[in-house]
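Colleague: I am new to this structure. Please take one part and give me a close look at it, then show me what surrounds it.

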Amino acid sequence: MKEIKEMAENLVEVRGLKKWFPVQKSFIETFLARRVDYVRAVDGIDFEIKRGEVFGLAGESGSGKTTTGRLILRLVEPTEGQITFDGMDILSLDSKAMHALRRRMQIIFQDPYASLNPRMKIGEGIGHGLEIHGIAKGKLKRQMVLEMMERVGLTPAAVLYDKYPHQLSGGQRQRAVIARALILHPDLVVADEPIAMADVSVKALLLELMLELKREFNLTYLYITHDLATAKYICNRIAIMYLGKIVELGSLYEVYSHPLHPYTEALLSAVPVPDPRAQRRKVLPKGEIPNPINPPSGCRFHPRCPYAKEVCGIEEPRLVEVGTDHLVACHLRV
Ligand code: SF4
């Protein structure tokens, strides 16, 4: 049981977060250009994740959502900004303190095959964190792993314990990755496209499992996805990212029922509706996502936006509150 004490509502707070990756160039290219170029993967974002919620981070590939997840876990160091976890400024922690905190922040990667050690038996892989954090080893570790394997539906656990990742199906591997994250009883789980590589037939089962485990283990999820259909199923609140910026943020109801940003509107128009008779007007953004090394001036969406006006190419819209738990960055809405 987790300790019950006076707790702030927000488990995670992110302020002014930036991550610019330097572009690798040859010495000659750098010398001739006389400057270093940067990919502005995350470019000044603010949000909070409330305790016990599923907070979604959605957008196309290249929007900065995966980098944001890794920044929160300090798997990459930010260029600028602040990240607070349970009241702690995690960027000020030394490696020992960060190692201890990692038990409370776990990640589920998109590709379960790549994230499991191919030379480690499944049971050993799931229980590896128990040893690293000095929680259990030997028989106790095995017992804890078997219990967690049963809980995530990786059965018969005693048989699968000694298998290697390549001997499991894709769905079983994803369950193993979930078990490995949860065996440490974390507070926060960053789930980065956790079902993207699963068969259609098991996607819904995995999402249902994640929701059950969230209730049972009192978890908070950061759910990273390009798929607004699955986000609708699992999230409580959601932020839409575009080229390193958050363009809309709010409760699931607000964002899905009253999307205010043209990019959100476009993403939602591509989500299939269950009723084949229902018609949805498709609003597709023009062209490709621009180069994040040299993003468009003003509103970054303006070259693709069907509603762009003159000011959009000049002035960057700020993310402002436009309703209860609903923020948007668009000149049309303020
Ligand atoms: Fe479109 Fe202008 Fe709004 Fe950007 S600010 S989304 S270009 S209307």
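Modeller: One cut-off first: a residue is called buried when its relative accessible area is under 20%, and exposed when that area is over 50%. Keep in mind that this is a predicted model.

Start with helix α2, residues 65-72. Six of its eight residues are buried, so the helix is largely enclosed by the rest of the structure. The buried ones are Lys65, Thr67, Thr68, Gly69, Leu71 and Ile72. After α2 comes Arg74, and the phi of Arg74 is positive, near 60°.

Now look at the sheet. It is open and has eight strands, in the order β6-β7-β8-β3-β9-β10-β12-β11. The pairing is mixed. Strands of a sheet pair through backbone hydrogen bonds, either parallel or antiparallel. The edges here are β6 (105-108) and β11 (320-323). Each has a single partner strand, so one side of each is left without a neighbour in the sheet. On average, neighbouring strands are turned by 20° against each other, direction ignored.

Strand β10 (residues 245-251) and strand β12 (residues 326-328) run antiparallel, joined by three bridges. Gly250 stands opposite His326 of β12.

Next, the cysteines. Cys312 has 10% relative accessibility, so it counts as buried. Cys330 is buried too, with a relative accessible area of 10%. The disulfide count for the model is zero.

Finally, step back to the whole chain. It is divided into domain 1 (2-235) and domain 2 (239-334). Their centres, taken over C-alpha atoms, are 26 Å apart. Across the boundary, 30 residues of domain 1 are in contact with 22 residues of domain 2. The size of an interface is often given as the accessible area lost when the parts come together. Here the two domains bury about 2000 Å² between them, with 61% of it on carbon and sulfur atoms. On the domain 1 side, Arg40, Glu60 and Leu228 supply 29% of the area buried against domain 2, more than any other three residues.

Methods. Residues are numbered from 1 along each chain as its sequence is written. This is a predicted model: local features need pLDDT of at least 70, side-chain atom pairs count only at pLDDT 80 or more; totals for chains, interfaces and linings use all residues. Side-chain values use heavy atoms; hydrogens and water are left out. Two strands pair if DSSP finds at least two bridges between them. Helices (H or I, at least four residues) and strands (E, at least two) are DSSP runs, numbered from the N terminus. Axes are lines fitted to C-alpha atoms, for helices over the stretch in contact, and angles run from 0 to 180 degrees between N-to-C directions. Buried means under 20% relative accessible area, exposed over 50%, partly exposed in between (1.4 Å probe, protein chains only). A disulfide is a pair of cysteine sulfur atoms within 2.5 Å. Domain bounds come from an automatic or database domain assignment. Contact means heavy atoms within 4.5 Å. Buried area is the accessible area (1.4 Å probe) that two parts lose on being put together, summed over both.
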